[in-house]
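Biologist: Before we talk, please put the model on the screen. I would like to ask about the labels attached to it.

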Amino acid sequence: MSPHGVALRAVMRSVAFLSAGALAVPLLSGCSSEDPAGKPLAGQDIGIAERSLVADGGTLRWAVDSVPDTLNTFQSDADATTTRVAQAVLPAMYRLDANGRPQVDADYLEKAEVVETEPRQVVLYKLNQQAVWSDGREIGAADFAAQWRALSGKDSAYWTARNAGYDRIEKIERGKNDLEVKVTFARPYADWKSLFSPLYPKDVMGTPDSFNDSARKKLKVTAGPFALKKVDRKDDELTLARNPRWWGRPAKLDEIVLRAVPRDKRAAALAAGSLDLAEIDPESVKRITVAAKGRPSATPLMGPGSNLSAADSLRSWAVAKGTDEDAADEEISAREKQREEISAYARQQQALRGFEVRRSLEPAYTQLALNGAEGPLADERVRRAVARALDREALASVVLSPLGLPAEPVGSHLALAGQAAYADNSGALGGQDTTEAQALLADAGWVPGGPLKEEKKKGEKAAGAKGEKAAAEDGESGDDGDDDTYIVGEDDKAPREADKVLREADKVLREADREKKQDPKKHGKSGDGSQHLAQDGKQYANKLKQGGAPGAYAPRGTAAPVGAAAGMLAKDGKPLTLRFVLPSGPGSQTLRTVADRISGMLQKVGIRTEITEVADESYFKDHVAAGQFDLALYSWPASAFPATDARPIYAKPVPAADGSLNVEQNYTRVGTDQVDQLFDQAVSTLDEGESRGLIRKADSRIWAAAGSIPLYQRPQLTAARKNIANAGAFGFQTPVYEDMGFLKKGAHPSASPSKK
């Protein structure tokens with residue numbers, strides 16, 4: 001998954017100062033009496049129904065983020081829709097169960113096992129004898145071998161995004177018969193179950209040209225319950241049709257249409273009848289919840305009885321009173337438009353009563369990333385202080401509790417509750433502790449109320465009324481500022497509306513001052529009264545901000561003034577201010593809410609945050625991946641194979657040949673040799689218990705280094721037509737496409753695990 005939520009294996013190819021290596025971290029093994037992995041925090045919510053209750057036929061219209069640029073999951077521009085298509089139309093030796101653990105897919109594989117370990121690891125696959133490609137050819141060793149050669153990394157003509165695991169294979173050969181495939185590894189590989197899922201036909205993998213081009217826009221040969229019927233880039237949709245050669249349980253649906261619809265447009269598309277199933281945002285959840293309760297919608301300002309004659313009467317009355325006729329027309333037009341918008345909204349609410357929200361948690365978590373490459377966070381003591389200042393339970397609660405989902409913070413970087421490698425290793429860093437955070441900062445040399453050097457930037461304006469007055473004299477508005485950046489450095493209990501009051505008061509005072517200069521007699525007592533009211537407003541606002549740092553809630557774009565308030569930290573004449581970069585799009589409101597809470601928590605230990613909101617399209621590439629941040633929020637998925645998939649995220653950056661730093665996907669730039677060694681050991685042992693223990697130990701070391709702080713598992717919210725069965729919020733489990741469909745008349749789904 002990309003950091004915003006795409007399936008991981010589609011992109012991963014791509015106190016005193018203590019170092020992480022010096023911390024005493026116990027080796028956690030998988031042999032304790034109680035499995036630390038536990039159970040998933042939330043179960044599936046998919047409207048489970050027996051196949052006998054599901055009607056044959058129908059088309060399921062399912063929202064996706066985009067029509068993919070490629071249908072080859074092993075290319076760098078593969079996305080979540082690429083993965084969804086592959087799951088429905090291609091073989092996979094293993095699929096994930098409800099606990100996020102790999103299980104044999106019996107439609108393709110009878111069994112697979114390690115049959116030799118010395119001198120080489122050998123895995124023997126026994127294929128389902130009915131498994132055939134859509135052109136009638138049996139799935140066999142030739143397909144396995146072609147995929148290995150394409151992904152081994154030995155031929156640069158193949159434009160592959162990842163080679164992990166395939167680069168450890170020495171040879172692939174036919175077994176005793178055509179149904180057996182024998183894979184010999186040059187080096188032991190613990191995550192061998194991750195390979196050949198999906199499996200492409202040799203026609204796709206056989207040559208660089210076919211790999212690079214043939215599977216980008218179409219898949220001529222498939223082997224799943226569905227086949228690719230059509231890719232319509234003009235209408236932004238992709239159609240899957242029931243595969244007539246499928247040997248397993250026949251698909252219930254005739255077709256699945258994957259339709260690209262922006263997330264903020266999905267509620268309207270559901271109401272319009274153009275979608276049956278869609279992942280939605282919390283705002284859309286509220287709309288569907290309200291609709292389900294049958295609450296009345298807002299009444300239009302001009303009711304159903306309104307008509308043109310009423311509008312004509314209003315116009316005549318307005319003109320008779322001396323109002324400009326054009327102005328009257330504009331007022332009528334505005335009211336009519338508002339009435340139409342409200343009526344349309346009411347109709348949508350009525351249509352949304354046919355849907356329900358299915359809720360679970362994604363196999364992905366949101367983290368706070370701390371850039372350790374430069375600035376204050378290059379000091380591990382400061383990173384650890386930031387982590388100890390956070391109340392992770394409160395942050396999880398603010399996101400998940402309003403949605404009715406379990407609000408527990410994530411305890412691992414490498415797995416989620418229920419997955420085999422999970423254990424809560426956050427104790428290696430410690431929980432929220434303001435005193436400890438302040439002690440770490442003091443040890444790093446950051447002291448409260450220290451003298452600051454003035455660092456005035458070009459074009460910078462002073463904070464408060466003086467800055468606004470200066471701006472006004474220059475013919476500028478002091479209210480505008482930069483809407484993308486603001487500095488936080490005060491306890492977040494002081495409401496930001498205090499600044500709004502201050503700005504309004506200053507505006508009144510400036511206006512009164514201007515009138516007094518222009519006409520002192522006319523200004524008179526009324527002007528003095530306005531001034532008194534403005535002064536009262538400023539006193540009220542200042543009371544709200546009592547105890548805060550000057551400039552803490554200044555208008556966005558206002559720099560912190562020289563001279564830090566007591567409690568805020570400084571070192572060598574510079575304040576401790578961290579750049580907090582966030583996406584600005586409508587779908588990122590949750591991240592911005594979490595960022596505000598984090599900023600408030602950091603304020604309490606003396607750390608300012610400078611929040612900058614940037615365009616969604618540039619957020620990751622130009623800021624996170626480029627290292628242009630101190631703090632950032634983004635998500636990583638939890639793979640069933642962390643020894644392979646998570647290593648690039650936490651590997652220690654190394655200098656490249658050209659002098660640059662090769663960070664792989666470790667955008668925090670924080671890594672240690674010990675973590676790398678533990679990953680290497682975990683991926684090379686064939687003892688599953690030992691491998692899990694090594695992964696858990698690596699996670700403890702990652703916690704201790706404090707490069708990233710897992711916060712909460714992401715909510716998975718899906719709007720589904722009430723009669724849709726076996727689809728919705730899937731959680732960890734790979735969807736079973738052949739069981740999806742519409743309930744027969746009068747049939748009802750079973751209670752989902754999360755609702756029992």
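This is a predicted model: local features need pLDDT of at least 70, side-chain atom pairs count only at pLDDT 80 or more; totals for chains, interfaces and linings use all residues.

Modeller: Residues are numbered from 1 along each chain as its sequence is written, and side-chain values use heavy atoms, with hydrogens and water left out.

Biologist: Why are H9 and H11 called roughly antiparallel?

Modeller: Helix H9 (residues 380-389) and helix H11 (residues 434-443) pack at about 165°, with axes 8 Å apart. Angles between N-to-C directions run from 0 to 180 degrees, and those over 145 count as roughly antiparallel. H9 and H11 are therefore roughly antiparallel.

Biologist: Which residues of H9 and H11 meet?

Modeller: Contact means heavy atoms within 4.5 Å. Arg-381, Val-382, Arg-384, Ala-385, Arg-388 and Ala-389 in H9 meet Thr-434, Glu-436, Ala-437, Leu-440, Leu-441 and Asp-443 in H11. By class, this contact has six nonpolar, one polar and five charged residues.

Biologist: Why is Phe-196 called buried?

Modeller: Buried means under 20% relative accessible area. Phe-196 has 0%, so the residue is buried. Phe-196 lies in the loop between E7 and H3, and its phi is near 60°, a positive value in a residue other than glycine.

Biologist: What makes Asp-236 partly exposed?

Modeller: Partly exposed lies between buried and exposed, the latter being over 50%. Asp-236 has a relative accessible area of 37%, so the label is partly exposed. Its phi is near 55°, also positive.

Key: Helices (H or I, at least four residues) and strands (E, at least two) are DSSP runs, numbered from the N terminus. Angles under 35 degrees count as roughly parallel, over 145 as roughly antiparallel, 65 to 115 as roughly perpendicular and the rest as oblique. Ala, Val, Leu, Ile, Met, Phe, Trp, Tyr, Cys and Pro count as nonpolar, Asp, Glu, Lys and Arg as charged, and the others, Gly among them, as polar. Buried means under 20% relative accessible area, exposed over 50%, partly exposed in between (1.4 Å probe, protein chains only).
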